[in-house]
Amino acid sequence: MTISVETFFLSPDATGTLQAQIQQMIAEGILSGRFAKGEKLPSSRKLAQHLGISRITVTLAYTELQANDYLSARDRSGFFVSQSAPEPPRFAAMPMGEDKIDWSRALGRRFTGGATPEKPQNWSTYRYPFVYGQTDPKLFDHANWRHCALRALGQKDFHALTTDYYDQDDPKLIEFIARHTLPRRGILAEPDEILVTMGAQNALWMTAQVLLTQRRTAVVEDPCYHALRDILEQSRCHLEVVPVDEDGLPPEALPDQADVIFCTPSHQCPTNATMPMARRCALLDKACAMDALIVEDDYEFEMSFLGAPSPALKSLDRDGRVIYVGSFSKSIFPGLRLGYLVGPRAFIREVRALRASVLRHPPGLMQRTAAYFLSLGHYDSLIRRMSTVYAGRRAVMEQAAAELGLTVAGRGLHGGSSIWMRAPEGADMEALGRRLGAFGVLIEPGAPFFHGADPPRNFYRLAYSSIPKERIPEGLAILARELDVAPTGATPDAH
């Protein structure tokens with residue numbers, strides 16, 4: 001029996017080379033039991049004609065499957081499913097019974113229902129994606145990242161790739177962070193004062209787990225990074241909320257007593273406010289007076305294209321009071337999930353033990369690849385390229401916003417990748433965001449950043465990291481039209 005050529009098709013959403021896709025289709029057919037042993041596959045000519053691809057591509061896929069014993073070749077007869085191909089699993093399907101568990105009682109703790117919103121995975125399909133934290137594929141250095149990954153996969157790096165570091169990290173990555181990354185922020189640290197994390201959010205979670213209990217008090221900014229607020233609420237600590245102003249977190253507004261202060265002094269999230277030097281010193285003094293620790297999230301310091309960034313709060317710390325959180329995921333790509341913690345040895349020792357009990361360590365391959373990408377200068381080149389492009393996009397966005405009557409609520413002194421906006425009173429940016437999606441415009445509503453049951457709904461964030469410069473004015477014009485603030489004649493046709 002011959003397998004019908006109509007069985008095969010190429011999905012438009014599939015990834016990988018055509019050869020790899022064909023191999024995957026056939027292997028899945030065998031493993032699922034759809035293709036039986038001894039069945040004849042379509043000829044390479046017929047399958048290539050059916051799929052509209054080169055015959056050599058099909059032949060190479062067949063040959064690779066033959067080498068892996070999925071297929072066998074017979075002289076002048078073609079390719080067949082091998083008699084020794086992997087067997088599909090054989091088991092009788094168990095009937096689905098009724099779920100009799102009362103999960104409202106069985107769940108000891110709940111992690112759903114937090115403030116962190118779901119972001120659309122198809123953001124790149126929007127024509128005007130003013131979405132924060134995503135990577136522009138036109139800016140990323142694909143070739144050199146691939147080169148570094150291949151080097152990390154080489155025989156010389158076999159130990160770094162395959163070893164179980166247990167609670168340690170790739171020494172090459174730690175060395176680069178200590179000798180190059182941290183000194184740019186005025187921070188000096190030894191290797192045992194640094195821990196690699198699975199991104200900044202993982203760093204914040206582990207910090208909260210180590211420092212907070214139900215009897216301790218944490219201070220958080222309002223508005224703030226919504227995922228941080230979820231983390232703190234899950235820790236069941238007492239939470240004190242302090243509104244920020246145009247200079248970030250005001251030390252004089254802090255409560256009389258707190259254990260841990262979470263803040264974003266260099267680039268307040270989401271307002272972009274930069275804390276002045278005098279206020280940073282006052283914050284350290286206030287923390288010292290109440291014997292509190294400070295967790296500094298310095299998530300976007302690399303994007304300082306408008307001027308030199310302010311020194312990190314950690315660089316001013318003389319008491320070991322500041323714990324520093326950094327990330328490569330924002331500047332390289334979010335899927336990298338690599339960040340780091342810097343703090344006193346006693347703190348890092350405990351976080352290291354917590355990490356080892358949960359995930360041992362971040363994958364060695366990703367650490368070594370990142371270490372090569374950083375140490376060979378590719379990272380610095382990427383940052384310079386991104387900074388130049390972001391500066392141009394930001395200028396276009398600010399000019400277009402001013403011309404269209406859109407109100408900027410927070411810019412940031414040094415740069416960044418977004419602008420904090422305020423719509424007229426009464427506007428609901430979450431509802432408006434859903435409506436804008438029909439016109440290809442994607443924005444980030446601001447309500448989830450605020451604390452409380454009734455947050456202001458007229459704030460929103462516009463990012464320029466993932467949208468081409470030439471589309472910014474047109475996308476903002478559609479936004480202005482839907483907000484009913486655009487001057488006459490400024491709105492383009494919606495389609």
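Is Asn272 buried or exposed? With a relative accessibility of 1%, Asn272 counts as buried, where buried means under 20% relative accessible area, exposed over 50% and partly exposed in between (1.4 Å probe, protein chains only). The model is predicted, so local features need pLDDT of at least 70 and side-chain atom pairs count only at pLDDT 80 or more, while totals for chains, interfaces and linings use all residues. Residues are numbered from 1 along each chain as its sequence is written, and side-chain values use heavy atoms, with hydrogens and water left out.

Asn272 sits in the loop between E7 and H10, and its phi is near 75°, a positive value in a residue other than glycine. Helices (H or I, at least four residues) and strands (E, at least two) are DSSP runs, numbered from the N terminus. The loop between strand E7 (260-263) and helix H10 (277-289) also holds Pro270, which a cis peptide bond with omega of about 10° joins to Cys269. Another cis peptide bond, with omega of about 0°, joins Asp222 and Pro223; Pro223 lies in the loop between strand E5 (217-222) and helix H9 (226-234). Asp291, in the loop between H10 and strand E8 (293-297), has a positive phi near 55°. Asp291 is exposed, with a relative accessible area of 60%. Most residues other than glycine have a negative phi, and most peptide bonds are trans.

Next comes the sheet. Seven strands form an open sheet with mixed pairing, in the order E4-E10-E9-E8-E7-E5-E6; two strands pair if DSSP finds at least two bridges between them. Strands E4 (194-197) and E6 (238-243) stand at the edges with a single partner strand each, so one side of each is left without a neighbour in the sheet. Neighbouring strands of this sheet are turned by 20° against each other on average, direction ignored. Within the sheet, E9 (residues 322-327) and E10 (residues 339-342) pair in the antiparallel sense over 4 bridges, and Ser327 stands opposite Gly339 in E10. Helix H7 (residues 171-181) lies across E4 and E10, running at about 115° to E4. Here axes are lines fitted to C-alpha atoms, for helices over the stretch in contact, and angles run from 0 to 180 degrees between N-to-C directions; contact means heavy atoms within 4.5 Å.

The largest nonpolar core has 64 residues, and those with the most contacts inside it are Leu406, Tyr460, Leu476 and Leu479. Such a core is a set of buried Ala, Val, Leu, Ile, Met, Phe, Trp, Tyr and Cys residues joined through side-chain atoms within 4.5 Å. Helix H14 (residues 378-404) gives the largest share of this core, 9 residues. A second, separate core of 25 residues includes Ala200, Leu204, Met206 and Leu228.

The aromatic rings remain. A search of the whole structure finds 15 aromatic pairs. Rings of Phe, Tyr and Trp (its six-membered ring) pair if their centres lie within 6.5 Å, and planes under 30 degrees apart count as stacked, over 60 as edge-to-face and the rest as tilted. Tyr62 and Phe79 form a tilted pair, 5.1 Å centre to centre with 55° between the planes. Tyr62 is in helix H3 (residues 55-67) and Phe79 in strand E2, 17 residues apart.
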